[in-house]
Amino acid sequence: MAGDEVMARTLTEPGVGMQRTAQARAPGRSSAPAEDRLTTAMSGSPTSGARAPRGWRLMGTLLPLAFLLVVEALVRARVLPDNLVPAPSEIGAALWQLGGGHLLGHIAVSTSRVATGFGCGALLAIIVGAAMGLSHRLDALLDPSFQALRAIPSLAWVPVLLLWMGIDEAPKITLVAIGAFFPVHLSVLSGIRNVDRKLVELGAVYRLSPWRLFVRILLPAALPHIFTGLRTGLAVSWMFVVAAELIAATRGLGYLLSDGRETGRPDIVFGAIILLGLLGKLTDTAMKILEGRVLAWRDTTVESARP
């Protein structure tokens, strides 16, 4: 009777049930001492739940600032040529001269394109990846084409999309969606295919329908892989939006990069690069926070996933 309750709990609470199922296999044995020893042994490992020392976190935050200070000193000492590597203070002054409204306009346009393209591409990738993960026939049919399309460089899509869609927002958003699609698609497919077979058999014992099997077992077990793909797809989206804005745009950080190159302004070029790095870090941190909240039920949830 206790075993049936554990299995029922597994289907209703995936995170908790996976732990209880393992404990139910060895009745009469207390796994607490072994778990304590394992936790102690792994307390210094990157995958343990132990939080990194505050000092290391602070140094990780200050490391980019220290790098900028070193570059500033080297440029001021004329070790680095200022016409090729501008001092960080000059980069900040150049961005300030652009004006807050003008600069925020470029940031807002690029962020909007990334958010829209990433959302569309990731959603389509989750749907298609789940369908291919659940159907071996569909996987065999579509996988060769997807692998060939995935190998096409981002810049190769630009002239095709411009020819098909013109120079408005549609080709830029489509290019970002293409960039986000493939990492997320591969992670969804890998996550579903790597679900523990015993969990699938447990669903068959309870005669779950395909949809309930997917929602209650396959999707929760595949979520760690999916979030890895989402974070990768988000980073690729920022790369693809720059590729789109470098060629066919009048606004955005990619356009700012191109404009700085054409006008011989390395301070503008490096300023746009720094802004892209900051935006990429902020969006990745937001995704890590979401991952930590959604996957809070995991024993292996890394504490560093929290802000």
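Buried means under 20% relative accessible area, exposed means over 50%, and partly exposed lies in between (1.4 Å probe, protein chains only). Keep that handy for the exercises. This is a predicted model, where local features need pLDDT of at least 70 and side-chain atom pairs count only at pLDDT 80 or more, while totals for chains, interfaces and linings use all residues. Residues are numbered from 1 along each chain as its sequence is written, and side-chain values use heavy atoms, with hydrogens and water left out.

**Exercise 1. Work out how F146 and F181 are arranged, and which helices they link.**

Step 1: start with the criterion. Rings of Phe, Tyr and Trp (its six-membered ring) pair if their centres lie within 6.5 Å; planes under 30 degrees apart are stacked, over 60 edge-to-face, and the rest tilted. A search of the whole structure turns up 3 aromatic pairs.

Step 2: check the geometry. F146 and F181 sit 5.5 Å centre to centre with 75 degrees between the planes, so the pair is edge-to-face.

Step 3: place the residues. F146 belongs to helix α7 (residues 136-150) and F181 to helix α9 (residues 169-193), so the pair links distant parts of the chain, 35 residues apart. Helices here are DSSP runs (H or I, at least four residues), numbered from the N terminus.

Step 4: look at accessibility. F146 counts as buried because its relative accessibility is 15%, and F181 does too because its value is 9%.

**Exercise 2. Which residues form one aromatic cluster with F181?**

Step 1: F181 and F182 pair edge-to-face, at 5.1 Å centre to centre and 90 degrees between the planes. Both F181 and F182 are buried.

Step 2: F146, F181 and F182 make up one aromatic cluster.

Definitions and conventions. Helices (H or I, at least four residues) and strands (E, at least two) are DSSP runs, numbered from the N terminus.
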